Amino acid sequence: MSKDGFSLLALFLGIVGGALLLGFVFIAYYFPIVRPGGNPGYPASREGARERTCYSNMRRILGAVEAYNMDHEIMLENLTNIDVITGGLLEKGGYLKKGISPPTPSCSYRSLGSLTGSGKIVCDVHGAVEEPLSSSR
Ligand SMILES: [Zn+2]
């Protein structure tokens, strides 16, 4: 009788233990702290990096425009994307060491307002350095 009682207890504990283990596996799978291959923070941080590259490009362009305007009697008032890419006005004049390479294919740079005054450089995707279009900064 005591032998049967022991084996029943062992069977019961085995079933309970197995159920708990399955429960933990289930919880770990459906409510992961770190789910492999699907960290939702990753794409956002990559987009953040593109945005920072874009703002850094705009600062480079603005610096090049300022240098150009110091050298020239007729200053640069307006600017389009063609002026900043490889082979553009600012690279040809030596104001940009290398043409600007946009971080995304849809990034396109242009001036907003007169660059001899309070004008600024904007990207059609990311906005201006002072007024970013996205709020992720
Ligand atoms: Zn951009």
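User: What makes Ser-114, Leu-115 and Thr-116 contacts of Glu-77?

Analyst: Two residues are in contact if their C-beta atoms, placed from the backbone, lie within 7 Å. Leaving aside its neighbours within four places in sequence, Glu-77 is in contact with Ser-114, Leu-115 and Thr-116 under that criterion. Glu-77 and Thr-116 are 39 residues apart in sequence, yet their C-alpha atoms are 5.6 Å apart in space. The model is predicted: local features need pLDDT of at least 70, side-chain atom pairs count only at pLDDT 80 or more, and totals for chains, interfaces and linings use all residues. Residues are numbered from 1 along each chain as its sequence is written.

User: Why is Glu-77 called partly exposed?

Analyst: A residue is buried if 20 or more other C-beta atoms lie within 10 Å of its own, exposed if 12 or fewer, and partly exposed in between, with C-beta atoms placed from the backbone. Glu-77 has 14 other C-beta atoms within 10 Å, and is therefore partly exposed. Its place is the loop between H2 and helix H3 (81-84). Helices (H or I, at least four residues) and strands (E, at least two) are DSSP runs, numbered from the N terminus.

User: Why does Ser-134 count as exposed?

Analyst: Ser-134 has 11 C-beta neighbours inside 10 Å, so it counts as exposed. Ser-134 belongs to the segment after E3.

User: How many of the residues in the protein chain are buried, as a percentage?

Analyst: Of the 137 residues in the protein chain, 19% are buried.

User: What makes the largest nonpolar core a core, and which residues have the most contacts inside it?

Analyst: A nonpolar core is a set of buried Ala, Val, Leu, Ile, Met, Phe, Trp, Tyr and Cys residues joined through C-beta atoms within 7 Å. The largest such set has 20 residues, and Met-58, Ile-61, Ala-64, Val-65, Val-84 and Tyr-109 have the most contacts inside it. Helix H2 (41-71) and strand E2 (120-123) each supply at least two residues of this core. H2 gives the largest share, seven residues. Not counting residues up to four places away in sequence, Ile-61 touches Val-84, Ile-100, Tyr-109 and Ile-121.

User: How do you know that E1 and E2 pair, and in which sense?

Analyst: Two strands pair if DSSP finds at least two bridges between them. Strand E1 (residues 109-112) and E2 have four bridges, in the antiparallel sense. Among the partners, Leu-112 is bridged to Lys-120 in E2. In general, strands of a sheet pair through backbone hydrogen bonds, either parallel or antiparallel.

User: What makes E2 and strand E3 (residues 127-128) a pair?

Analyst: E2 and E3 share two bridges in the antiparallel sense, and the criterion asks for at least two. Val-122 has Ala-128 in E3 as its bridge partner, while Cys-123 stands opposite Gly-127 in E3. E2 and E3 form a hairpin with three residues between them.

User: Why are E1 and E3 called edge strands?

Analyst: The three strands form an open sheet in the order E1-E2-E3, with antiparallel pairing. E1 and E3 each pair on one side only, and they are the edge strands.

User: What is the pattern of helices and strands along the sequence?

Analyst: The protein chain has four helices and three strands, and its pattern reads α-α-α-α-β-β-β.
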